[in-house]
Amino acid sequence: MNLVVRGTDTSGVTVKWAMAELVKQPKIMKRAQDELDTVVGRNTNVEESHIYKLPYLGAILKETLRLHPPVPLLVSRCPSSTCNVGGYAIPKGAQVFVNAWAIQRDPKYWDNPLEFQPERFLQNPNKVDSIGSDFRYIPFGSGRRRCAGVPLVERMVPYALASVLHSFEWKMPEGVEIDVSDKFGIVVKKSTPLNAIPLPRLADPGLYIYTDC
């Protein structure tokens, strides 16, 4: 139950943050949709097999998880013996939280850290990954006790985001601006809901008909 609830909530929040940033920056959305048109085409729906051929979409998701990690304070740690970390004495039994949100916005490690720039992950895509090998980027933690739901996120989130981007054009209601301020909690969500207008973009209207096969 924990895996299902935590996995679906954090995955849904990540898609919402990604869409908020893309609606706010139409040029980035257009580039992602152009990539989808090239790989998938407008005569069919997105399939799971397409996801690994969409590097720019992958960069968008990495940047979303950098700027808006769904769990800002990673699951707490408790040392079994007193230790020294970075010059600080951590007593045995202390509860330690790692602030991934702050690390991933630190100007010492990131250029223009508050700007949404997926291109930063295209320069060296293999160096910065989701397994926690680079401690500047740890949306899922690191080591043996990193988030157990990473495989779920890596499959659900890109597929969901690719599908909504490929199937629809998105815009905000007239006179409404995107608010990307967040609301702190166990899972960080947008302080205001995202209300965007979808417009069909696929060639065949029949592709929008759901069939349970």
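Predicted model: local features only at pLDDT ≥ 70, side-chain atom pairs only at ≥ 80, totals over all residues.
Accessible areas here come from the Shrake-Rupley method with a 1.4 Å probe, and for residues only the protein chains shown count as cover. On that basis the protein chain exposes about 12,700 Å², of which carbon and sulfur atoms supply 58%. Residues are numbered from 1 along each chain as its sequence is written, and side-chain values use heavy atoms, with hydrogens and water left out.

Let me start with the overall layout. Taking helices (H or I, at least four residues) and strands (E, at least two) as DSSP runs numbered from the N terminus, the protein chain has five helices and six strands, and their order from the N terminus is α-α-α-β-β-α-α-β-β-β-β. The radius of gyration, taken over C-alpha atoms, is compared with a globule rule of 2.2 Å times the number of residues to the power 0.38; the value for the protein chain is 19 Å, close to the 17 Å that the rule gives for 213 residues, so the chain is as compact as a globular protein of that length. Its C-alpha atoms fill a box of roughly 65 × 40 × 30 Å along the principal axes. If contact means heavy atoms within 4.5 Å, then among contacts between residues at least 6 apart in sequence, 70% join residues at least 24 apart.

Now to burial, where buried means under 20% relative accessible area, exposed over 50%, and partly exposed in between, with a 1.4 Å probe and protein chains only. Buried residues make up 38% of the 213 residues. A nonpolar core is a set of buried Ala, Val, Leu, Ile, Met, Phe, Trp, Tyr and Cys residues joined through side-chain atoms within 4.5 Å, and in the largest one, which has 33 residues, L22, L36, I60, L161, A162 and L165 touch the most other members. Helices α1 (2–24), α2, α3 (55–67) and α5 (150–167) each supply at least two residues of this core, and the largest share, seven residues, comes from α3.

Which residues does I60 touch, not counting those up to four places away in sequence? They are L22, I28, A32, F116, P118 and L161. The helix α3 is itself mostly covered, with ten of its 13 residues buried.

In α2 the residues I28, M29, A32, Q33, E35 and L36 are buried. Seen down the helix axis, with directions taken from the axis to the C-beta atoms, these buried residues fall within an arc of 155 degrees, so they line one face of α2. The face turned away from that side carries the exposed residues P26, K27 and T38.

I would close with two single residues. V23 is found in helix α1 and counts as buried at 10% relative accessibility; leaving aside neighbours within four places in sequence, V23 is in contact with M29, W170, M172, I178 and A196. The C-alpha atoms of V23 and E177, 154 residues apart along the chain, are separated by 9.8 Å. N112, in the loop between α4 (100–103) and α5, has a positive phi of about 45 degrees although it is not a glycine, and N112 is partly exposed, with a relative accessible area of 43%.
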